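Hi everyone, thanks for making time. Have a look at what's on the screen, and I'll talk you through it.

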Amino acid sequence: MLLGLRTVIHPAGDLAAAKAWWSSVLGVEPYFDEPFYVGFNVGGYELGLDPNGDPAVGPVSYWGVRDVDAAVARFAAAGAVVREQVQEVGGGIRVGTVIEPSGAVVGLIENPHFVLPEDGADGGEGEGPGR
């Protein structure tokens, strides 16, 4: 069911400072830069900054799935609690989060644009608007 890691989103209360810091560390500017979300392409995967993210939760990893509705339902049937209902975040990308039984947040993402990097090299598109 899980296709592999796609995105890790970090809470960023001070989005400008976080963007500057990550740009410095990564040595690249974000490919997506809006007041509601900043996205970096790191080896073909998404490192996102969310100004509305919860620092108490920490970064959330989003695992790729073919059908996010079915994946959230499967996780819930196995005992997870739905944290955020499935929603579209732009460009046909749909996400949802659950809390698994030990308390960790698990993100699930259906992204029709994602292509696995061939050799882990930087470049290409990340997850797209909003994730």
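I'll start with the sheet, then go to the cores, and end with the pocket.

A quick word on the ground rules. This is a predicted model, where local features need pLDDT of at least 70, side-chain atom pairs count only at pLDDT 80 or more, and totals for chains, interfaces and linings use all residues. Residues are numbered from 1 along each chain as its sequence is written, and side-chain values use heavy atoms, with hydrogens and water left out.

Okay, the sheet. Eight strands make an open sheet with mixed pairing, in the order β2-β3-β4-β1-β5-β8-β7-β6. β2 (32-34) and β6 each have a single partner strand, so one side of each has no neighbour in the sheet. On average, neighbouring strands are turned by 20° against each other, ignoring direction; the axes here are lines fitted to C-alpha atoms, and angles run from 0 to 180 degrees between N-to-C directions. When I say strand, I mean a DSSP run of E with at least two residues, numbered from the N terminus, and two strands pair if DSSP finds at least two bridges between them.

Now zoom in on β1. With β5 it pairs antiparallel over five bridges, and T7 has Y62 in β5 as its bridge partner. With β4 (residues 45-50), β1 pairs in the parallel sense, again over five bridges; there, V8 stands opposite L47. Further along, β7 and β8 run antiparallel and are joined by six bridges, with T97 partnered by G107 in β8.

What sits in the largest nonpolar core? Ten residues: I9, F32, Y37, V60, Y62, V89, I93, V95, V105 and I109. β5 (60-64), β7 (93-99) and β8 (105-110) are the elements that give two or more residues to it. There's also a second, separate core of nine residues, including V65, V72, V106 and L108. By core I mean buried Ala, Val, Leu, Ile, Met, Phe, Trp, Tyr and Cys residues joined through side-chain atoms within 4.5 Å, where buried is under 20% relative accessible area with a 1.4 Å probe, protein chains only.

Last stop, the largest pocket. A pocket is an open set of points on a 1 Å grid where a 1.4 Å probe fits, with protein on both sides within 12 Å along at least five of seven lines; lining residues have an atom within 4 Å of a point. Of its 15 lining residues, D50, G53, D54, V60 and R83 are the closest to the centre. β1 gives the most to the lining, with three residues.

Technical notes. Buried < 20%, exposed > 50% of the residue type's maximum accessible area, 1.4 Å probe, protein only. Helix = DSSP H or I, 4+ residues; strand = E, 2+ residues; numbered from the N terminus.
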